[in-house]
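Please read the following briefing alongside the sequence and the model, beginning with the surface and then moving on to the helices, the loop and the confidence scores.

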Amino acid sequence: IKQGEVGNKSYVPAGLTLEEYKKVRSKDVSKFDSNYDKNVKKAGKFQDFDAFYEKRGTAIGGKWLTAPGKGHTFAKTKYDYSGGKDDSKGWGDAMGSVFGSKKK
C-alpha cells in the first residue's frame, strides 16, 4: 500500500508547514514499513495446528485427556518442575544462612 502524496491543496495540521508535515508522514511510512517487515519475518514460525492435533492424539481416541496437561503445550520455565534432583544451588547456599550461624 502506498501512502498518498501531499500537495498545496492538501490538509496540513495547524502549527506545521507543508514541509514539516511531509517529514512527519515520511517517518510514519518508514515506521510502518519496518513494522511490516518485522511481522513478515515472523511468518511461519508458529506451530501448525494440524500437526499439534495429530500429535496430541485427539483424533485417535481421547487418550490425551489422561495425559499431563490434558493436551496443552506448556511454555518453557526457568526451573525444572519434573520432580528430579535439582543440582543448582540457591542464593542462600553461597552466602550462608540469612539468620547467621547456629549457636551450639
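In general, an α-helix has 3.6 residues a turn, so residues three or four places apart point the same way.

**The aromatic pair and its exposure**

- The count of aromatic pairs comes to one, and because the rings of Phe 32 and Tyr 36 have their centres 6.3 Å apart and their planes at 25°, this pair is stacked.
- The cut-offs behind that assignment are centres within 6.5 Å for a pair and planes under 30 degrees apart for stacking.
- Phe 32 has a relative accessibility of 48% and therefore counts as partly exposed, since the class of exposed residues begins over 50%.

**Helix H1 and what follows**

- Helix H1 has 25 residues and reaches 37 Å from its first C-alpha to its last, which is close to the 36 Å expected at 1.5 Å a residue.
- After H1 comes Gly 44, a residue whose phi is positive, with a value near 85°.

**Overall architecture and surface**

- The secondary structure of the protein consists of three helices and zero strands, and the pattern read along the sequence is α-α-α.
- Of the 104 residues in the protein, 8% are buried.
- The protein exposes about 10,400 Å², and carbon and sulfur atoms supply 56% of that area.

**The loop between H2 and H3**

- Thr 73 is placed in the loop between helix H2 (49-56) and H3, and with a relative accessible area of 54% this threonine is exposed.
- Although Thr 73 and Phe 52 are 21 residues apart along the chain, their C-alpha atoms are separated by 9.1 Å.

**Confidence of the prediction**

- The average pLDDT of the protein is 75, and 64% of the residues score at least 70.
- Among the elements of the protein, H1 has the highest mean pLDDT, at 90, whereas helix H3 (residues 91-95) has the lowest, at 52.

Methods. Residues are numbered from 1 along each chain as its sequence is written. This is a predicted model: local features need pLDDT of at least 70, side-chain atom pairs count only at pLDDT 80 or more; totals for chains, interfaces and linings use all residues. Side-chain values use heavy atoms; hydrogens and water are left out. Rings of Phe, Tyr and Trp (its six-membered ring) pair if their centres lie within 6.5 Å; planes under 30 degrees apart count as stacked, over 60 as edge-to-face and the rest as tilted. Buried means under 20% relative accessible area, exposed over 50%, partly exposed in between (1.4 Å probe, protein chains only). Helices (H or I, at least four residues) and strands (E, at least two) are DSSP runs, numbered from the N terminus. Accessible areas come from the Shrake-Rupley method with a 1.4 Å probe; for residues, only the protein chains shown count as cover. pLDDT is the predictor's confidence in each residue, from 0 to 100. The expected span of a helix is 1.5 Å times one less than its number of residues.
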